[in-house]
Amino acid sequence: MTAPAPLLSTVGVAKSYGPVVALRSADMSVRRGEIHALLGANGAGKSTLVKILAGVQTADAGEVNVDGRPVHFRTPADAITAGIATVFQDPALIPDLTVAQNLRLSRVDVSTLRQWLAWFDLDRLDLNALVRELPLDTLRLVDLARAAARDPHVLLLDEITAALSADQSERVFELLRRRKAEGKSAVLITHRLAEIMRICDQATILRDGRNAERPFGMAELTISNVNEHQLVEAMLGASLEPPTEQSPEVSGRGHALGDAALEVQELTSRLIVQNVSFSVRVGEIVGLVALEGQGQDRLFDLLSGRRKPTAGALLVNGRPARFNSPYDAVRQGVVLVPGDRLVALLPNQSVRHNLALPLFGRLQRWARIPATARPRVDDAIDQLAIDTRAASQVRRLSGGNQQKVVIGRWLVGGFRTLLCFDPTRGIDIQTKRDIYALLRKLASEGAAILLYTSELAEIPLVCDRVLVMHAGRIVDEQDAARATESSLLTAAHGLEMEAAT
Amino acid sequence: MTGAEHPFGAARMQPFGRRVRVRNGWMVGVWLLLGALLLWYSTLIPVFGPFQITSISKNSLPLVYLAIGQAIIVIAGGIDLSLGALLLLSNVIAARFMDGQPVGVVVVIAIALIAALALLNALTGYVITLSGVPDIVVTLATSYIWSGLALWILPSPGGGTAPEMRWLFTGSTSGIGGSSWPPILMMLIPCAVIAIWARRTRQGLTLYAVGSNKTAARLSGLDVRRAKIVSYAIGGGMAALAGLATVAITGTGDPRFSVGTNATLNSVAAVVLGGIALTGGIGNPFGVVATAVILVMLNPILIAMGVNSNNAQVIQGVLIAGVMMVGGLVALLRERAS
């Protein structure tokens with residue numbers, strides 16, 4: 001039996017960045033008309049493989065074949081010409097040009113492009129708007145529409161649904177199915193296993209830069225033959241129980257709560273945040289749930305001192321507080337873990353330097369970190385199990401390790417109230433669990449935590465209480481232990497529950 | 001939840017006129033400032049007529065050309081400290097080889113000179129992309145090379161050019177008085193061509209793209225290296241044009257022209273005042289024309305006001321800083337209002 005050559009295949013692809021081996025040997029094979037999942041924990045080498053396939057990086061060894069012919073991409077333009085279009089996590093659109101100018105630069109057929117824009121309900125998008133004026137979800141869809149309009153053999157999608165709402169994601173899947181019917185393929189990189197189970201045909205799982213062992217020694221990993229737990233096992237390499245009441249991220253819930261560490265009264269910022277009131281008590285993790293663009297970004301800006309409210313009051317430890325800048329907020333113990341890790345980090349500095357950043361305000365003579373504080377940096381590295389192989393430059397760490405550094409910084413600096421904005425976006429399961437466990441531990445040690453998350457499944461697992469935001473207002477509050485994805489989604493859309501619960 | 005139903009953040013159609021005003025506000029502002037300064041200057045001096053207009057426009061030419069070239073390079077994410085030295089190089093080559101030649105030869109030399117310096121500076125751009133050494137370092141180095149070459153080609157002031165050449169840039173064959181139309185047209189035509197090219201062609205937009213976000217530009221499949229090289233080529237060509245203008249205005253070549261050394265920094269000042277972000281990717285080169293003329297006019301205005309020429313420099317600096325701060329304030333207020 002002679003099978004037709006796969007549309008896209010890699011054999012033994014390897015890549016090192018200096019001493020750090022990102023990819024040891026990756027084999028992947030994508031057939032015509034197949035939706036392929038590329039899976040792996042953080043640092044397993046997914047991003048590196050995607051960069052090689054997209055022509056951003058060149059491989060040190062191994063070969064890439066498109067349609068049975070070996071290819072060598074030196075620039076992203078080469079990959080596009082060969083029929084591989086990639087949508088990266090950060091949309092590859094120029095912020096200071098208009099949408100129309102961006103599309104003009106990319107030499108795509110305008111009428112096809114308009115079709116795909118209409119497909120995503122973006123036909124009324126103002127093409128003369130500057131890219132930097134548009135929200136992230138719109139940009140990702142424009143980027144995807146542009147990639148689809150190139151009508152590539154293979155569409156590479158890196159965490160495409162991370163910033164999208166449920167029905168936007170649905171449209172994306174429908175697009176993939178349509179292309180599949182035409183014999184075109186896609187490679188999907190995502191941490192959302194439910195999506196993989198629904199839409200993907202085959203999967204490649206990477207672990208430590210290599211192909212992970214397939215369950216039951218299967219010759220290829222067909223999604224319909226496995227379940228989510230088997231995928232997770234293959235990714236982690238060890239059996240992982242689903243979280244139970246005894247697992248660290250959940251245990252410790254229900255302990256006595258202290259006084260309110262942060263109280264918000266009628267907080268308003270023009271029309272974007274309106275009359276928001278709530279409090280976070282010592283020892284409590286309060287979840288915040290909202291669809292994209294409901295004012296949650298602005299609320300976090302207000303709480304962390306990046307913007308001043310137009311009305312309303314903030315109480316920190318029971319005393320009224322006014323933040324003129326994040327400096328004031330940090331001094332009063334209210335610290336932020338922002339949604340974009342790169343905003344918070346000094347990419348070219350070492351892990352230690354980044355962790356010690358909050359101490360720079362209290363440097364001693366000769367700019368030395370106080371001797372008493374130095375063990376705290378080491379403690380933070382141990383406590384968070386940060387992978388320090390690439391410790392000399394934070395930008396070379398994987399996304400999950402970078403996020404740990406951002407959180408670890410406040411362990412070093414000290415805080416009372418922790419504001420976390422979507423800390424687990426685009427992070428693998430193991431690191432997510434580490435972060436949940438850490439948050440719970442911090443809470444039980446006397447921290448108050450406000451956690452915004454785009455992954456609803458996290459809420460019952462991590463939080464004590466959950467607030468739902470819609471159109472700038474807090475519209476609902478639920479007991480996290482009893483909240484379900486559907487109850488949260490219903491509230492997040494601004495709808496009442498049908499039956500009283 | 002679809003994009004169109006987003007309560008916040010989704011793109012709402014803005015009225016076209018308002019958008020044009022907001023996006024080009026800075027450019028319109030500096031042209032209005034130039035108009036106001038001209039009006040004021042005309043009341044300061046006893047006689048204001050065609051002679052003054054000719055004088056201002058022709059004396060602005062070198063800096064205008066240099067600033068436009070600098071603007072293109074800055075938009076593409078670079079900065080060129082060698083433009084003033086290239087101006088000198090062009091000036092001495094033109095003065096030495098055009099002296100006493102018939103007009104046909106002079107035109108050939110002029111065109112060849114523009115092409116040669118464009119190529120030379122493209123090479124600088126190529127070296128920058130190849131080596132990864134920052135623009136500011138490489139062009140600082142080349143600026144010494146070009147000024148050294150200029151001294152070597154023409155060790156002492158001298159040379160000249162054809163009367164027709166002088167008429168083209170100054171409006172008179174002797175370089176004194178004359179019609180104001182040739183210098184004004186020589187100012188506006190090349191600048192308009194470059195400004196429109198930058199905003200309306202794919203290659204021009206690529207320069208903006210590369211200056212705005214190099215990574216995103218590369219990921220979109222654009223040729224980042226070529227964009228840088230093209231921007232430096234344009235800068236070199238404009239510096240050559242500026243050198244030709246100085247020969248035409250002064251009638252001689254001089255490798256030690258103070259205009260050459262000051263011109264580099266003045267071109268950067270004009271670019272910044274013209275609303276072009278030094279970080280790249282933002283701004284319209286047409287605004288730079290107005291700010292270059294303003295910078296040239298400031299000195300005679302201050303002298304007409306009776307300001308001591310030593311103090312004039314201080315005032316010039318304060319004015320530049322002041323204008324930039326007002327610009328920053330406007331941007332801040334606009335952001336607050338949104």
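A crossing of two helices is left-handed if the near helix is turned anticlockwise from the far one by less than a right angle, and right-handed if clockwise. In this predicted model, local features need pLDDT of at least 70, side-chain atom pairs count only at pLDDT 80 or more, and totals for chains, interfaces and linings use all residues. Residues are numbered from 1 along each chain as its sequence is written, and chains are lettered from A in the order in which they are written.

**Helix pair in chain B**
- The crossing of α4(B) and α5(B) is right-handed; helices are DSSP runs (H or I, at least four residues) and strands likewise (E, at least two), numbered from the N terminus.
- Helix α4 (residues 103–131) of chain B packs against helix α5 (residues 135–153) of chain B at about 140°, with axes 10 Å apart; axes are lines fitted to C-alpha atoms, for helices over the stretch in contact, and angles run from 0 to 180 degrees between N-to-C directions.
- Thr124(B), Val127(B) and Ile128(B) of α4(B) meet residues of α5(B) that include Val138(B) and Thr142(B).

**Contact between chains**
- In chain A, 35 residues are in contact with 29 residues of chain B (C-beta atoms, placed from the backbone, within 7 Å).
- Elements giving two or more residues to this side of chain A are α2 (76–81), α3 (99–105) and α5 (136–149) of chain A.

**Sheet in chain A**
- An open sheet of 6 strands has the order β17-β18-β19-β14-β20-β21 (chain A), with mixed pairing (at least two DSSP bridges between two strands).
- Its edge strands are β17 (334–337) and β21 (473–479) of chain A.
- Strands β18 (residues 417–421) and β19 (residues 448–452) of chain A run parallel, joined by 5 bridges.

Methods:
Two residues are in contact if their C-beta atoms, placed from the backbone, lie within 7 Å.
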